[in-house]
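Here is a short report for a reader who is new to this structure. Please look over the sequence and the 3D view before reading on.

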Amino acid sequence: MTPKSRVLIVDASTESREVLRTLLQRNGAETLEATGPRRALQLVLDQHPDLIVYDAESVRSRSSDASEDFRARDDLGQSATRSDIPIVVLGTTKRRAGPLPTGQFVSKPYHYAPLIRRIEELLASRAA
């Protein structure tokens with residue numbers, strides 16, 4: 001993970017965000033946090049993260065597909081995200097078989113060490 005990597009954590013659980021934030025920051029990443037898709041979309045537009053970690057189970061959304069949440073358009077009609085931002089979706093089941101061409105689905109329960117490694121791999125592949 002490069003020191004300039006910026007990771008957006010989208011999770012309604014304060015504890016989960018805190019643990020993931022601590023681990024990512026120890027590995028040199030800058031972190032941004034949101035409790036739901038609306039705030040996350042604003043952070044994507046304003047802060048341009050390099051990767052999104054999205055807990056699909058804890059975040060309540062009208063969409064049935066996490067990729068739709070971040071590929072959607074905001075109220076101003078602007079593109080909410082660049083299509084190349086990797087999205088790591090955390091959940092117990094894949095939500096609709098929506099493709100995540102630049103990300104990955106990680107099943108719950110998960111261990112943090114493999115999750116951090118996967119995030120590092122995705123960030124490294126973007127930098128290459």
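## Val 19 and its helix

Val 19 lies in helix H1. Helices here are DSSP runs of H or I with at least four residues, strands are runs of E with at least two, and both are numbered from the N terminus. The model is predicted: local features need pLDDT of at least 70, side-chain atom pairs count only at pLDDT 80 or more, and totals for chains, interfaces and linings use all residues. Residues are numbered from 1 along each chain as its sequence is written, and side-chain values use heavy atoms, with hydrogens and water left out.

Buried means under 20% relative accessible area, exposed means over 50%, and partly exposed is in between (1.4 Å probe, protein chains only). Val 19 and Tyr 112 are 93 residues apart in sequence, yet their C-alpha atoms are 8.8 Å apart in space.

## H1 against H4

Tyr 112 belongs to the H4 side of a helix pair. Helix H1 covers residues 14-26 and helix H4 covers residues 112-127. Their axes come within 11 Å and cross at roughly 55°. That angle makes H1 oblique to H4. Axes are lines fitted to C-alpha atoms, for helices over the stretch in contact, and angles run from 0 to 180 degrees between N-to-C directions. Angles under 35 degrees count as roughly parallel, over 145 as roughly antiparallel, 65 to 115 as roughly perpendicular, and the rest as oblique.

The crossing of H1 and H4 is right-handed. A crossing has that hand if the near helix is turned clockwise from the far one by less than a right angle, and is left-handed if anticlockwise.

Which residues meet? From H1 come Ser 16, Val 19, Leu 20, Leu 23 and Leu 24. From H4 come Tyr 112, Leu 115, Ile 116 and Ile 119. By class, this contact has eight nonpolar residues, one polar and no charged. Ala, Val, Leu, Ile, Met, Phe, Trp, Tyr, Cys and Pro count as nonpolar; Asp, Glu, Lys and Arg count as charged; the others, Gly among them, count as polar. Contact means heavy atoms within 4.5 Å.

Tyr 112 is partly exposed, at 27% relative accessibility. A search of the whole structure finds one aromatic pair. Tyr 110 and Tyr 112 form that pair, which is edge-to-face, with 5.4 Å centre to centre and 80° between the planes. Rings of Phe, Tyr and Trp (its six-membered ring) pair if their centres lie within 6.5 Å; planes under 30 degrees apart count as stacked, over 60 as edge-to-face, and the rest as tilted.

Pro 109 lies in the loop between S5 and H4. A cis peptide bond joins Lys 108 and Pro 109, with omega about -5°. Ser 107 sits in strand S5, residues 104-107.

## Other places to look

Arg 21 is also in helix H1. Leaving aside neighbours within four places in sequence, Arg 21 is in contact with Ile 9, Thr 31 and Glu 33. Arg 126 is found in helix H4.

His 48 is in the loop between helix H2 (37-47) and strand S3 (51-55). Its phi is near 50°, a positive value in a residue other than glycine. His 48 is partly exposed, at 46% relative accessibility.

The table lists C-alpha distances for three further pairs.

| Pair | Apart in sequence | C-alpha to C-alpha |
|---|---|---|
| Ser 107 and Val 89 | 18 residues | 8.4 Å |
| Arg 126 and Ile 85 | 41 residues | 8.9 Å |
| Arg 21 and Val 7 | 14 residues | 8.9 Å |

## The whole chain

How many helices and strands are there? The chain has four helices and five strands. From the N terminus on, the elements run β-α-β-α-β-α-β-β-α. Of the 128 residues, 41% count as buried. Among contacts with a separation of 6 or more, residues 24 or more positions apart account for 64%.
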